[in-house]
Every structure is written in C-alpha cells, then in structure tokens.
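Hi,

Here is the structure I promised to pass on. Have a look first, and my notes on the ligand, the pockets and the cavity follow below.

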Amino acid sequence: MKHHQLANGGSIPALGLGTWKSTPGEVGPVIREAIRIGYRHFDCAAAYANEAEIGAAFQAAFAAGDVAREDLFVTSKLWNDAHREADVRPALEKTLGDLQFDYLDLYLMHWPVALKPGAFFPQSADDLLSLADVPLLETWRAMEACQKAGLARHLGVSNFNARKVEELADQAEVPIAANQVELHPYLAQDDLIARCAARGVHVTAYSPLGSPDRPDVLKKSGDPDLLAHPVIAEVASKHGVSSAQILLAWAVQRGTSVIPKSVNVERMTQNLAAASVALDDADMQRLAALDAGYRYIDGAFWAPEGSPYTVDDLWD
Ligand code: A2P
C-alpha cells in the first residue's frame with residue numbers, strides 16, 4: 001500500500017476503509033474481513049454510532065493475531081456537540097473507550113459547526129451555536145491538549161474550506177495534519193488541495209464514489225450518478241478495471257488519501273487493489289474535465305432558517 005507523508009512526521013496509508021453508514025451488526029464482521037484482506041487504515045467517527053462494535057472487532061483481530069495495534073492507522077472525529085473546551089477530552093475519551101484504544105492515529109474536528117451539547121443534528125436553528133459562541137480555535141486548543149497528553153498522534157479537521165484551514169493554521173501549535181473533505185471528479189477541489197499543501201495539510205477524500213447509499217435526507221433530485229458516468233466507464237474499460245477503481249486510483253494519484261466505504265468483501269478487495277492502478281496523463285485529463293463543483297453532501301442541513309451558518313460561508 002502506498003503511503004502519503006504527514007507534515008508532522010509519520011504517514012497515512014493512501015487507501016482506507018470508510019465506516020460511515022456501516023450499520024451496527026454488519027460493521028464488526030466487515031472490520032475483521034477488511035483486516036484479513038489487508039486494510040490497515042480505518043476511518044471512524046463518533047457520529048457514525050458504530051465505534052463500540054468496531055472496537056470489539058479490532059480487539060478480536062488483535063487476539064487472533066491478525067494484526068497489531070501499531071500496524072493500524074485509525075482516524076476518528078469529534079462531533080459538533082462537543083466543541084466547547086470542557087467537552088472535547090471527554091468526547092475523545094468516549095471514542096477511545098468504544099474503540100478500546102489508548103490513542104488514535106488521527107483525530108479530526110468533524111465540521112466547522114457547533115451544536116448545543118446533546119443535539120445530534122439540528123431540528124431548528126435553536127440547536128446550533130455560532131462560531132462566535134464557540135470559536136474553532138477554542139475547540140482546536142482543547143484538541144491540542146489531548147494530543148499533548150498522548151491521546152492522538154495527529155490532529156486534523158474535516159469539511160474545512162481553504163480560508164478556515166489557513167486561519168486555523170496561523171494559530172495552531174500542533175500542526176493541522178489533515179483536512180478530510182468530499183472529493184471526486186465532480187468536485188475536484190484543486191484550489192483547496194493546493195492551499196492545504198501550501199500549509200503542509202494532507203487532504204483525505206470522502207464520498208469518493210459519490211456516496212450512492214447516503215441517507216435520503218441527503219439526496220437531491222437530479223443528483224448525478226458518478227459511478228455510471230460514461231467517461232469513467234471508458235477509462236475503466238481501457239484499464240480492465242471497474243469504474244469504482246478508476247475513481248479511487250484518481251484520488252490516490254492526486255496525492256490524497258481515500259476512504260471508500262463498503263460492507264461487501266468483493267468490493268472491499270477491489271477497492272484496495274485500486275491503489276495500485278496507474279492512470280496516465282490522458283486519463284487524468286479526461287477525469288479533470290468532469291469537475292463541476294458538484295457536492296453530494298452540501299451542508300444545507302447546517303443552515304435551517306435562522307441558523308448562524310450558511311452554505312456559502314461553509315464552502316466559499
Ligand atoms: P457496499 O457497501 O454495498 O459495497 P462512498 O464511499 O462514496 O460513500 O460510497 C459507498 C457506497 O458505494 C456504498 O453504497 C457501497 O456499497 C458502494 N460501493 C463501494 N465499493 C464499490 C465498488 N467497488 N463498486 C460499486 N459500488 C461500491
């Protein structure tokens with residue numbers, strides 16, 4: 001497996017397994033199988049509500065001698081309702097307890113959006129706190145204290161636009177190792193990647209397959225089907241691989257890491273193998289031409305009427 005370097009030392013495997021939407025009951029066996037077929041990078045989050053089962057599967061894999069903790073790269077994320085200084089460490093400790101780990105390899109701030117404690121998702125603007133109430137720097141400083149206490153090797157952010165990355169990087173004591181954002185050929189985000197690179201921030205691509213199984217509430221009429229795009233199918237047939245493998249190879253070749261979710265062993269195997277599919281310049285140019293600035297996960301759910309957040313401000 002290729003690795004990408006992280007600015008503050010160490011590296012991240014270029015391809016990992018996403019666990020968003022992997023349900024309790026199914027995710028445990030999926031983790032065991034993924035380890036057996038060679039996955040070493042796992043992307044988790046408190047908000048996915050499946051970390052306890054993932055932790056039990058890791059423990060079972062260690063006990064069976066399938067893999068050792070130090071051979072894994074595991075990411076988790078701080079949910080938006082724990083952005084206040086006093087809430088950050090308890091949230092990280094809950095995740096560590098669920099995963100049965102002493103430390104995470106990477107801990108991310110899941111969104112640059114704050115919710116009132118206990119509000120999982122905004123039912124109305126009343127559930128949201130503004131960034132004036134809970135500045136991103138307050139949350140980051142508390143994350144830094146956790147990193148210094150050894151609870152996470154690297155810290156990062158998710159769903160940050162370039163301006164927010166730069167503002168935080170200017171003040172961060174522990175460097176921002178990574179920014180995890182939606183990335184695929186319809187949303188190539190060249191400018192964001194370049195501006196992150198200028199600050200030594202590695203970029204991880206989520207929803208690389210266009211997240212076809214995202215919940216209905218996140219679906220918009222007319223959303224394009226990325227996996228069915230004819231150009232991607234043509235490049236796939238040229239290389240004798242699947243469209244999904246082309247999407248993943250494109251991500252790895254651009255220097256991003258990528259975390260496709262699957263709960264199917266054949267597709268997991270196929271996805272892992274995609275990290276070694278080599279695309280040529282012509283392929284990369286054809287895929288670059290598909291960029292339409294199109295987001296499947298547009299963040300509109302943070303902007304109910306009266307919200308301190310707007311979609312434009314999230315992504316500008
Ligand atoms: P499944 O879990 O049944 O394999 P994303 O990572 O962009 O969120 O996409 C995840 C979705 O893509 C899931 O519905 C997953 O289904 C599906 N998927 C994962 N790998 C492949 C693949 N190689 N080919 C087609 N669909 C895939």
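How many Å separate an oxygen atom of the ligand from a polar backbone atom of Leu 209? The distance is 2.9 Å, within the cut-off for a polar contact (a pair of N or O atoms within 3.5 Å).

Some ground rules before the rest. This is a predicted model, with local features needing pLDDT of at least 70 and side-chain atom pairs counted only at pLDDT 80 or more, while totals for chains, interfaces and linings use all residues. Residues are numbered from 1 along each chain as its sequence is written, and side-chain values use heavy atoms, with hydrogens and water left out.

The shell has 18 residues, the closest being Lys 261, Ser 262, Arg 267, Gln 270 and Asn 271; a residue is counted if one of its heavy atoms lies within 4 Å. Helix α9 (residues 265-273) supplies the largest share of that shell, three residues (helices are DSSP runs of H or I, at least four residues; strands are E, at least two).

**Pockets**

The ligand's space is the largest pocket (more than half of its atoms lie within 2 Å of the grid points). A pocket here is an open set on a 1 Å grid over the protein atoms alone, with protein on both sides within 12 Å along at least five of seven lines; a cavity is a set of points where a 1.4 Å probe fits but cannot get out, and lining residues have an atom within 4 Å of a point.

The largest pocket comes to about 750 Å³, volume being the space filled by probe spheres set on the points. Its lining has 38 residues, with Trp 20, Lys 21, Ser 207, Ser 211 and Pro 215 nearest the centre.

The second largest pocket holds about 250 Å³. Ala 46, Ala 47, Trp 79, Ala 91 and Lys 94 are the closest to its centre, out of 19 lining residues. Helix α3 contributes the most to this lining, five residues.

**Cavity**

The whole-structure search gave one cavity of 30 Å³ or more. Its lining includes Asp 81, His 83, Arg 84 and Leu 129.

Cheers

Terms used
Polar contact = N/O pair within 3.5 Å; in protein donor to acceptor, adjacent residues only side chain to side chain.
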